[in-house]
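Please read these points with the model open beside you. They are meant to be checked one at a time.

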Amino acid sequence: MSEELTLEERKVIYRARRGLKEIDVYFDPYVKNCYLTADAAEKALFAELVDQEDPDLLDWFMEVGEPPRPELKAFISKLKQYVHG
């Protein structure tokens, strides 16, 4: 399957590995089960999300702060719903 990945997809998947359990609990299942079949808009949104700094991501996932764009907030909600049901 790895030969089917574009360079951009590989970069996003690599950057999604954070090493922080609080973030990886959301990113890992999405990458493994959803990312490659997502449409281009959702892939772009995930790429934007993984480009953010860890402290910001923690704030957004813990609902201490809000992302700068409503699309990111909605996507974070989707990731949380996917993991927690």
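Predicted model: local features only at pLDDT ≥ 70, side-chain atom pairs only at ≥ 80, totals over all residues.

1. Salt bridges in general. Side chains of opposite charge can pair when their charged atoms come close. The structure holds 8 salt bridges.

2. Arg15 and Asp51. These two side chains form a salt bridge, with N and O 2.9 Å apart. The pair links distant parts of the chain: Arg15 is in helix α1 (residues 7–16), while Asp51 is in the loop between α3 (40–50) and α4 (54–61), 36 residues apart. Arg15 has a relative accessibility of 27% and counts as partly exposed. Asp51, with 47%, is also partly exposed.

3. Asp54 and Arg18. A salt bridge joins the side chains of Asp54 and Arg18, at 2.6 Å from N to O. Distant parts of the chain are linked here too, with Asp54 in helix α4 and Arg18 in the loop between α1 and α2 (21–33), 36 residues apart. Is Arg18 buried or exposed? Arg18 counts as buried because its relative accessibility is 18%, and buried means under 20%. Not counting residues up to four places away in sequence, Arg18 touches Ile23, Asp24, Phe27, Val50, Gln52, Glu53, Asp54 and Leu57.

4. Glu48 and Arg69 form a salt bridge in which the closest N and O atoms are 2.7 Å apart. Glu48 lies in helix α3 and Arg69 in the loop between α4 and α5 (70–84), so the pair ties together parts that are 21 residues apart in sequence. Glu48 is partly exposed at 25% relative accessibility, and Arg69 is partly exposed at 31%. A network of salt bridges links Glu48, Arg69 and Glu71.

5. Helix α3. At the start of α3, a side-chain oxygen of Asp39 reaches to within 3.2 Å of the backbone nitrogen of Ala41. The buried residues of α3 are Glu42, Lys43, Leu45, Phe46, Ala47, Leu49 and Val50. Which helices do these buried residues pack against? They pack against α1, α2, α4 and α5.

6. Helices α2 and α3. Two packed helices are described by the angle between their axes and the distance between the axes. For α2 and α3 the angle is about 150° and the axes are 13 Å apart. That makes α2 roughly antiparallel to α3, because angles over 145 degrees count as roughly antiparallel. The crossing of these two helices, α2 and α3, is left-handed. On the α2 side, Phe27, Tyr30 and Val31 meet Glu42, Phe46, Leu49 and Val50 of α3.

7. Helices α2 and α5. How do the axes of α2 and α5 cross? The axes come within 9 Å and cross at roughly 85°. That makes α2 roughly perpendicular to α5, a term used for angles of 65 to 115 degrees. From α2, the contact is made by Val25, Tyr26, Phe27, Pro29, Tyr30 and Asn33. From α5, it is made by Phe75, Leu79, Lys80, Tyr82, Val83 and His84.

8. Tyr30. Tyr30 is buried, with a relative accessible area of 2%. Leaving aside neighbours within four places in sequence, Tyr30 is in contact with Tyr35, Ala38, Glu42, Phe46, Phe75, Leu79 and Tyr82. Tyr30 and Lys80 are 50 residues apart in sequence, and their C-alpha atoms are 10.0 Å apart in space.

9. Glu63. Most residues other than glycine have a negative phi, and most peptide bonds are trans. Glu63 has a positive phi of about 60° although it is not a glycine. Where is Glu63 found? Glu63 is in the loop between α4 and α5. With a relative accessible area of 63%, Glu63 is exposed, since exposed means over 50%.

Methods. Residues numbered from 1 in each chain as written. Heavy atoms only, no water. Salt bridge = Lys/Arg side-chain N within 4 Å of Asp/Glu carboxyl O. Helix = DSSP H or I, 4+ residues; strand = E, 2+ residues; numbered from the N terminus. Buried < 20%, exposed > 50% of the residue type's maximum accessible area, 1.4 Å probe, protein only. Contact = heavy atoms within 4.5 Å. Polar contact = N/O pair within 3.5 Å; in protein donor to acceptor, adjacent residues only side chain to side chain. Axes fitted to C-alpha atoms, helices over the stretch in contact; angles between N-to-C directions. Parallel < 35°, antiparallel > 145°, perpendicular 65-115°, else oblique. Left-handed = near helix turned anticlockwise from the far one by under 90°.
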